[in-house]
Amino acid sequence: MIMPLFVSLTIVAALLGMPIVFALAFGPLAGFVIDGKQVMAQIGLQRFFAGINQFPLLAIPLFILAGEIMNAGEITRRLVTFSKLLVGHLRGGLAHVNILSSILFAGLSGSAVADTTALGSMLIPAMEKDGYTRKFATAVTAASSIIGPIIPPSIIMIVYAYIMNVSVGALFAAGLVPGLLMGASLMAMTAIIARKRNFPKREGLPSRKEAVTGIVQGFFPLMTPVIILGGILLGIVSPTEAAVLAVAYSLVLSLVSGTLSPGAIPGLFVRAAKSSSIVLLMIGSASLFGWALNIAGIPQSLARLVLDITENPILFLLLINLVLFVVGMFLDAGPAILIVGPVLGPTMLGMDISPIHFAVIMCLNLTIGLATPPFGLVLFASAAVSKLRVGEIVRAMLPFYLVHILVILAITLIPDISLALPRLLGYPV
Amino acid sequence: MASNVYRALVALNSVLIRVCTAAIASLLGVIVVIMIVSVLCRYLLNNPLSWSDDACLISLVWMTLLGLVVGMRQGHIAVEGLLSVLPSPLAKMVNTAVYVAVCFIAVMVVWVGFGFVKQGMARIVPSLDWIKQGYVYLAVPVGFLLIVPLCVEQALRPFFPHLDQPTGE
C-alpha cells in the first residue's frame with residue numbers, strides 16, 4: 001500500500017508540533033495545491049464546515065458545561081462523602097472511596113482529566129493524612145479516572161457515534177457495564193494491595209446522623225445520571241435534550257444549595273465554550289482529512305490488506321488493541337478516534353464486528369492511553385495535582401495497568417459485556 | 001525596536017482573544033437558553049419551535065470558529081515530544097516553519113471561504129428566512145482570518161524569550 005503524499009505531510013506536520021487541528025487540514029490542502037487541484041480544496045472546506053454544522057454535536061458543549069457546573073458546585077465533595085458511607089470502612093478505605101467516587105463522578109461528567117483534578121486535589125491529601133504514600137494515592141486517582149469516559153455521559157462516545165454513524169444511546173448503554181467492570185476490578189486489585197501492605201482500616205461504622213446527611217446531600221447530585229441516562233435510554237429525550245436538562249438541573253441544584261455563586265457562572269461558560277470549540281474544530285478537520293483518505297481509497301485498501309493477513313475477528317481485535325494502545329500513548333482519545341475510526345471502519349465491517357462493540361474497545365483502550373507515558377493528559381494532570389514526577393506515578397500504577405489490560409482483554413473477547421444492555425433496551429447491535 | 005513591534009502585536013492579540021472569548025461564552029449562553037426554551041415548548045406546551053435547531057446550529061458554528069482564535073495560545077492540542085528534544089536553535093526554526101504553514105492554511109481557507117460566502121448569500125436558512133446562509137458560512141473565513149496575527153506571534157515567540165509571554169489564560 002502506498003501512502004499518499006498528503007498523509008505524510010499531515011504526519012510530519014503533527015510530529016513537528018503543529019496543532020493536530022491544523023495538521024489534519026494541512027496535509028490535504030497542501031497536497032491539492034501541489035497536485036494543482038485547487039477545486040478539491042473547495043470541497044474539502046465544505047467538508048470541514050459540514051463536519052461542524054451538525055445538530056447532534058450540540059450535545060458536546062452542553063455536556064462539557066454541565067460537567068463544569070457540577071465541578072464548581074461542590075458536587076465532588078458530596079460524592080466523596082457518599083462513597084465514604086458505602087466503602088469507607090473496608091481495609092484501604094480511602095483507596096476504595098477514590099475508585100467509587102470516580103464511578104459516581106463518571107455518571108456526571110465525561111472527562112478523565114476533570115476526574116483526576118477534581119478528585120485528586122481532594123483525596124490525595126486526605127489519603128496521605130491517613131497514612132498512604134502519596135505515590136499510591138496518586139496512582140489510584142489516575143488509574144480510576146479513566147472510568148469517566150466509559151460510563152455515560154461520555155464526550156468521546158458522542159464523537160465516535162457521530163463520526164461512525166451509530167446511535168449515541170446505544171453507545172451510552174454499551175459503556176455502562178464495562179465501566180462498572182473496570183471499577184470493580186480496580187477495587188479488587190486495591191483490596192489485594194491493601195491486604196499485602198496492611199493499609200489502614202477505620203474502626204466502627206459511621207453514625208446514623210452522618211449517614212443521613214451523607215445520603216441526603218448525595219441524593220440530588222446522584223439524580224443527574226439517572227435523569228440523563230434514563231431519559232436517553234428509555235427514548236424519552238434525545239442526547240442533546242438530555243444534555244441541556246443536565247445543564248439546567250445542575251445549575252438550579254448548585255444555585256439553590258448555595259454552593260455556586262452566580263458570579264462564578266460566566267467563568268464556567270468561558271471554559272466550557274473554549275474546550276468544546278477545541279473538540280469541535282478537531283471534528284471539522286478530521287472530517288476533511290477522513291474525506292481525503294476516502295477519495296484516496298486508503299480505508300478500503302487497508303481493509304483488503306488486513307483481510308489478506310487474517311480473517312479471524314478475534315485476532316484482528318487483539319491486533320487492533322495493540323495498535324490503539326500505541327496510538328493512545330501519543331494521541332489524546334478524541335483526536336485518535338477521529339483519525340483512526342474512519343480508517344478502520346471498513347475493515348471492521350468486513351469482519352462482521354459490531355460497531356458498538358468496536359466502539360467500546362476503542363474508547364476504553366484510548367482512554368487508558370491517557371494514563372500511560374509518554375504523553376498522557378491524565379498523567380500530566382495527576383503530576384500537577386500531586387507535585388510528583390510522572391515516572392514515580394507510573395511505577396506506582398503498574399498493578400493498575402495490569403487490571404486495565406485484563407479488563408480490555410475481557411471486553412474484547414466477550415462482546416456480551418458491552419452488547420447485552422443495549423440489546424436488552426432494543427437497540428440494533 | 002523589533003521587540004516593541006512584537007510587544008504591540010502581543011497586546012493587539014490579547015485584545016482579540018479577549019473579545020473572542022466573550023463572544024464564544026455568550027454564544028454558548030444563547031445555545032443553552034434556546035435549547036431550554038425549545039425543550040419546554042416541545043414537552044410542556046406540546047408546540048415545538050420551528051427555528052430553534054437552526055438558531056442553535058448557527059451559534060454553534062460561530063462559537064466553534066471564534067474558538068479557533070481563543071485556542072491559539074496553547075489551547076489546541078499538539079504533539080510536543082520532538083520539539084523538546086531538538087537543539088534549541090533548530091527547534092526555534094521548526095516552530096517558525098510550522099506557524100508559517102498554519103498561516104498558509106489560514107490564507108487558503110480565507111481565500112476559498114469567501115467564495116462560499118458569496119454563493120451562500122443566494123440562499124436562506126430554512127426556518128429563519130431573514131438570515132442568509134452566507135452569514136453562517138462567514139464564520140469560517142472570519143475565524144481563519146483572525147488567527148493570522150496570532151500565527152505571526154507564535155512564529156516569532158521563541159525569538160523574544162526575555163519578554164513577558166502571554167499564557168493561555
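At 68% relative accessibility, A:Lys387 is exposed, where exposed means over 50% relative accessible area, buried under 20% and partly exposed in between, with a 1.4 Å probe and protein chains only. The model is predicted, so local features need pLDDT of at least 70 and side-chain atom pairs pLDDT 80 or more, while totals for chains, interfaces and linings use all residues. Residues are numbered from 1 along each chain as its sequence is written, chains are lettered from A and ligands numbered from 1 in the order in which they are written, and side-chain values use heavy atoms, without hydrogens and water.

A:Lys387 sits in the loop between α18 (377-386) and α19 (390-413) of chain A. Helices here are DSSP runs of H or I with at least four residues, strands are runs of E with at least two, and both are numbered from the N terminus. The phi angle of A:Lys387 is positive, near 60 degrees, and the residue is not glycine. A:Asn165 is another non-glycine residue with a positive phi, near 60 degrees. Its place is the loop between α9 and α10 (168-197) of chain A, and A:Asn165 is exposed, with a relative accessible area of 70%. In the loop between α8 (134-145) and α9 (155-164) of chain A lies A:Pro153. The peptide bond that joins A:Pro152 and A:Pro153 is cis, with omega about -5 degrees.

The two chains meet in an interface where 50 residues of chain A are in contact with 51 residues of chain B; contact means heavy atoms within 4.5 Å. The size of an interface is often given as the accessible area lost when the parts come together. Between chain A and chain B the buried area is about 4600 Å², and carbon and sulfur atoms give 84% of that. Buried area is the accessible area (1.4 Å probe) that two parts lose on being put together, summed over both. Of the area that chain A buries against chain B, 14% is supplied by A:Phe22, A:Leu45 and A:Phe49, more than by any other three residues.

Polar links across this interface can be counted too. The rule finds three residue pairs in polar contact between chain A and chain B, both residues at pLDDT 80 or more. A polar contact is a pair of N or O atoms within 3.5 Å; within protein, one must be able to donate a hydrogen and the other to accept it, and residues adjacent in sequence count only if both atoms are side-chain atoms. By class, the side of chain A that touches chain B has 39 nonpolar, eight polar and three charged residues. Nonpolar covers Ala, Val, Leu, Ile, Met, Phe, Trp, Tyr, Cys and Pro, charged covers Asp, Glu, Lys and Arg, and the others, Gly among them, are polar. The largest share of this side, 11 residues, comes from α13(A).

One salt bridge is counted between chain A and chain B, a salt bridge being a side-chain nitrogen of Lys or Arg within 4 Å of a carboxyl oxygen of Asp or Glu. Its partners are B:Arg42 and A:Glu241, at 2.5 Å from N to O. B:Arg42 lies in helix α1 (residues 2-43) of chain B and A:Glu241 in helix α12 of chain A, so the pair joins two chains. A:Glu241 is buried at 6% relative accessible area, whereas B:Arg42 is partly exposed at 29%.

Over all chains, the whole structure has five salt bridges. One of them pairs A:Glu68 with A:Arg271, the closest N and O atoms being 3.1 Å apart. This pair links distant parts of the chain, 203 residues apart, with A:Glu68 in helix α4 and A:Arg271 in helix α13 of chain A. A:Glu68 is buried, with a relative accessible area of 14%.

Helix α4(A) is largely enclosed by the rest of the structure, because 12 of its 14 residues are buried. Its end C-alpha atoms are 20 Å apart, which agrees with the 20 Å that 14 residues should span at 1.5 Å a residue; the expected span is 1.5 Å times one less than the number of residues. After α4(A) comes A:Glu74, with a positive phi near 65 degrees.

A:His96, in helix α6 (residues 93-106) of chain A, is buried at 4% relative accessible area. Its side chain reaches the backbone oxygen of A:Arg91 at 3.5 Å.
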